[in-house]
Amino acid sequence: VVSDGGDILISYCFSRSLAVGTKTGYRLFSVTSVDKLDCIHESIETPDVYIVERLFSSSLVVVVSQSMPRRMNVYHFKKGTEICNYSYSNNILAVRLNRQSLVVCLEESIYIHNIKDMKLLKTLLNTPSNPSGLCALSISHSNSFLAYPGSDTIGEIIVYDANNLSTMTMIPAHDSPLAAITFSASGTKLASASERGTVIRVFSIPEGLRLFEFRRGMKRYVNISSLSFSPDAQFLCASSNTETVHIFKLEQHTPSWSTYVGKMFTAASSYLPAQVSGMMSQDRAFATVRLQMAGQKNVCALATIQKLPRLLVASSDGQLFIYNIDPQDGGECTLVQKHRLFGSDKEWEETEKSKLMEPPQACQSYAATVAIPSSGPVTATLTGYSEDGGAKKGEVIPEHEFAAGPVCLDDETEFPPVSIPCSVLMKESSS
């Protein structure tokens, strides 16, 4: 689906469902089955959606459109009502949700709201320039951690406690600026990649100790568009603008002959160039996927669907690929299903034909949204989102509705099977 302006904007978020934002609105899909992809909600009231975030499996969804990039709208999509909207004096680059917090990321500031009443709890001003809106929020109830770049020149990560509103640690993760970060479901691990895209590192949280280091490749720099842990944090997948998705296994190797040889290499590393000695301690991918396309932005997620481990890859041309993973032996993953996420059959056929006639196009940066300098929030309108019909405008939601935890929506489950950050995908058309 190509707009008159020549852009396809797609914002993918995996929670219990797949959320897709496009030029014509947004859609929510169920991903509980491999063979069937159910569209559980579709909205065409807000066009040009470049951010759509759903709170796990609840009815709460946050939407930001290109037509009003400074305003965040929060909806109860099953009731078809707006919960609230909040405007800023700068473009919104990312929104993150968990059961305690709603985080809004601008280019040089971050706003942390209490999700139960949308009160602003903390404003982090003068953060390092972050034009891609790169940030991550853990989904754990007890470990509500926020991560964002601590520098715009090197790969420093600030880990912030969103519950206690205090900085926890700074992790010197990479030599070059960050391209992707994500938490494990428990909030005890954090994975990161830099703009070079060759090395992926995993750190313990809150200590910030390096646990694993994986090499994605050495031949070329790539743009890593997403990182995602499996629900049990035993695996980590990484997708980029290349045709390959890598899956790494997070395991401590038992002592063996290879370990002995590794120790010999480690002892000799002091005599070798840093680039050579560093590669000796890095593990390669446990499993891989060869995509049917290259040069397109895509996001990936690891999930258990119908009791089997799967890899989900959503591409910027509106396709969802589902692969089987061998959790014991790894290797090449098998494509088991492909779904179309938007567009009519005729539009889809025309798009496929045009792609055959066009040369491959270079992938743009991690999130090609543009922000302008600003200060803080401008306006806020609250209407409440309680399940008994909603609080009155400007009235906070009664505490008893949060007895079992924040945001007690009647259709919410306790744990989402898939969780990766939302990524903004932009593709230039040929027109």
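Two strands are taken to pair if DSSP finds at least two bridges between them. Strands (E, at least two residues) and helices (H or I, at least four) are DSSP runs, numbered from the N terminus.

The model is predicted: local features need pLDDT of at least 70, side-chain atom pairs count only at pLDDT 80 or more, and totals for chains, interfaces and linings use all residues. Residues are numbered from 1 along each chain as its sequence is written, and side-chain values use heavy atoms, with hydrogens and water left out.

The protein chain holds 31 strands and 3 helices. Of its 431 residues, 57% count as buried, that is, under 20% relative accessible area with a 1.4 Å probe, protein chains only. The accessible surface of the protein chain (Shrake-Rupley method, 1.4 Å probe) is about 18800 Å², and carbon and sulfur atoms account for 52% of this surface. Contacts are defined by heavy atoms within 4.5 Å; of those between residues at least 6 apart in sequence, 52% join residues at least 24 apart.

Strand 15 (residues 155-161) is largely enclosed by the rest of the structure, because 6 of its 7 residues are buried. Strand 15 runs antiparallel to strand 14 (residues 145-149), to which 5 bridges join it. These two strands form a hairpin with 5 residues between them, and within the pairing Tyr148 stands opposite Ile158 of strand 15.

Strand 15 also pairs with strand 16 (residues 166-174), in the antiparallel sense and over 7 bridges. Here Ile158 stands opposite Met170 of strand 16. The hairpin of strands 15 and 16 has 4 residues between the strands, and in it Leu165 takes a positive phi near 55°.

Notes. Buried < 20%, exposed > 50% of the residue type's maximum accessible area, 1.4 Å probe, protein only.
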